[in-house]
Amino acid sequence: MAELPDKAEHFIDWYLEAVEVAGLTDKRYPVKGMNVWTPYGFQARRQLDGLLIRGIEASGSRPVEFPTLIPQTEFQKEKEHVKGFDAQVYWVTKGGETDLDIPLVLRPTSETAMYPIFALWIRSHKDLPFNVYQIVNTFRYETKTTRPFFRIREIHFFEEHTCQLTDEAAAARCQENLATFQGIAEALALPYVASRRPDWDKFPGAYYSIALDLPVGGARTLQVGTIHHYRENFSRPYEIRYEDLAGELRYVHQTTFGLSERLLGATVAFHGDRKGVVFPSSIAPYQVVIVPIVSQNSGPISTDAARTLADRLRAAGVRVYVDDSEERPGAKYYLWESRGVPLRLEIGPREAAEGTVTAVNRLGQKQRIGPGKLEDGIRQALVEYDQALAAQARESFQKAFSVAHRLEELQDSTTVRIVSWCGNEACGHQIEQAIDGAVLGTPEGPLPIDPGSPAECIACGKREATRWVLAGRPL
RNA sequence: GGGUCUGUGGGGUAGCUUGGUCCAUCCUUCGGGGUUCGGGACUCCGAGACGCCAGUUCAAAUCUGGCCAGACCCA
């Protein structure tokens, strides 16, 4: 079997093949952009969902689930929103043989499904803050090339929707979401930047949008999530009001927080290497794979030891798989490396006799564990692996940004760029044209590297009111 | 929206220009047998494809048209 394409030179080819080889999805389903989740891929997704659920519930959100179909009449209530999504929605126009009076859209996102009901649920200031989330599939009719996890038509989507008393409370919720995301990103060992999108690129209907982007090589970026402040943009058309202390009816201020299976794609894209996928132990379908090494005259002692150890690890809460297939050990090593398993344990006749294991993590670090206290030693090895992965990620993150001072420099960017900008939209578009990408926006919080004070606008040369913005090429 | 190109077993490909030598090549995959087993094993047997519909022709994977699916470039 050949090596994967070069990740730096041919990123997309590398990515597609890494996903393919790892067996995360089956792309042969006969609808473009709708992939089948394999058992292996589904397990990764479920682990990821678990992370999201724990994170968002810790921040005071409760689960709900709204229907998949939205009546056209509800869908069209917020003008900007409709404009933003109209070209991308799937319509259900028939029920059996009957044409529907009111066509239904397959949700591309759930604002318009939820908010008419929020209007019924929310009466009083005592109902606020109101924070709910759901993890459901959404549908967008992508016309461009689709890519597993990145650009698809049926999206496994996480969305939190909240209603707050005031503008400030809504802004505060956005900050809480940022903190929640930081925890999620840490569990995935993914560094990222949060930046406020320029107005021309915010979510349709939003007051502002904070996007979460990862550098994924060269100037390429991948948006893995968004946090939006809607102000009253939706509560007015949907009439979500509460009665305040004085008995006045007021519109709620809303926020949303959206994440998707792109996070899984980002994990693959960011950590993966020439051997394939590299999973952090938090979402690895198998955290440990045990490869018993048998030879003709050693009998079943390696396999027995492997099974016994697997039982003990399972009891200790570790996700473990014993590969006792007929393949040769080397073939198994390559297989499980391509699938991203954090830790491989080899048990041959010698280890079996000693009560030890040889442990090799996905970053290639090798050690002998045992005898005695194998569970602790293996747990520790996983912790060290995650730390090493995070350290490696931080290092490549630092190298993923550089400052540009002139528009001409942007053309052959090999990193995401940091440029000084006056805030003028025309200048913004010049930057986008120069880099053949997008202005990602103004970072929330510190920049990945410190470029000092903003200089004159890279496009028009003005000095006043400039700020640093990130520019890259979104995938 | 405008243009260019592509469609061959489960995956990846050769063949197409110049129709016949193709009941279709090679790698991989899959089922079975044997020898193996500490970094992608070898060997034997077997399975599996010309996107769809028409047309031209003695003869179509190959030429023509339509359709469907997909990719890329430009706005």
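Colleague: Is Arg344 buried or exposed?

Modeller: Arg344 counts as buried, because its relative accessibility is 10%; buried means under 20% relative accessible area, exposed over 50%, and partly exposed in between, with a 1.4 Å probe and protein chains only. This is a predicted model, in which local features need pLDDT of at least 70, side-chain atom pairs count only at pLDDT 80 or more, and totals for chains, interfaces and linings use all residues. Residues are numbered from 1 along each chain as its sequence is written, chains are lettered from A and ligands numbered from 1 in the order in which they are written, and side-chain values use heavy atoms, with hydrogens and water left out.

Colleague: Where does Arg344 lie?

Modeller: Arg344 lies in strand E17. Helices (H or I, at least four residues) and strands (E, at least two) are DSSP runs, numbered from the N terminus.

Colleague: Which side chain joins Arg344 in a polar contact?

Modeller: The side chain of Glu337 does, at 3.0 Å. A polar contact is a pair of N or O atoms within 3.5 Å; within protein, one must be able to donate a hydrogen and the other to accept it, and residues adjacent in sequence count only if both atoms are side-chain atoms.

Colleague: And what else does Arg344 touch?

Modeller: Not counting residues up to four places away in sequence, Arg344 touches several residues, including Val289, Val291, Tyr333 and Thr358. Contact means heavy atoms within 4.5 Å.

Colleague: Which residues of helix H9 are buried?

Modeller: In H9, residues 329-338, the buried ones are Lys332, Tyr333, Trp336, Glu337 and Ser338. They pack against helices H1 and H2 and strands E15, E16 and E17.

Colleague: What follows H9?

Modeller: Gly340 follows H9, and its phi is positive, near 85°.

Colleague: Turning to Thr226, where is its place?

Modeller: Thr226 is in strand E11, which covers residues 220-231. Thr226 is buried, at a relative accessible area of 14%. Its side chain makes a polar contact of 3.2 Å with the side chain of His228. Leaving aside neighbours within four places in sequence, Thr226 is in contact with residues including Ile210, Leu212 and Phe257.

Colleague: How many helices and strands does chain A have?

Modeller: Chain A has 13 helices and 23 strands. Its radius of gyration is 25 Å, close to the 23 Å that the globule rule gives for 475 residues, so chain A is as compact as a globular protein of that length. The radius is taken over C-alpha atoms, and the rule is 2.2 Å times the number of residues to the power 0.38.

Colleague: What share of chain A is buried?

Modeller: Of its 475 residues, 52% count as buried.
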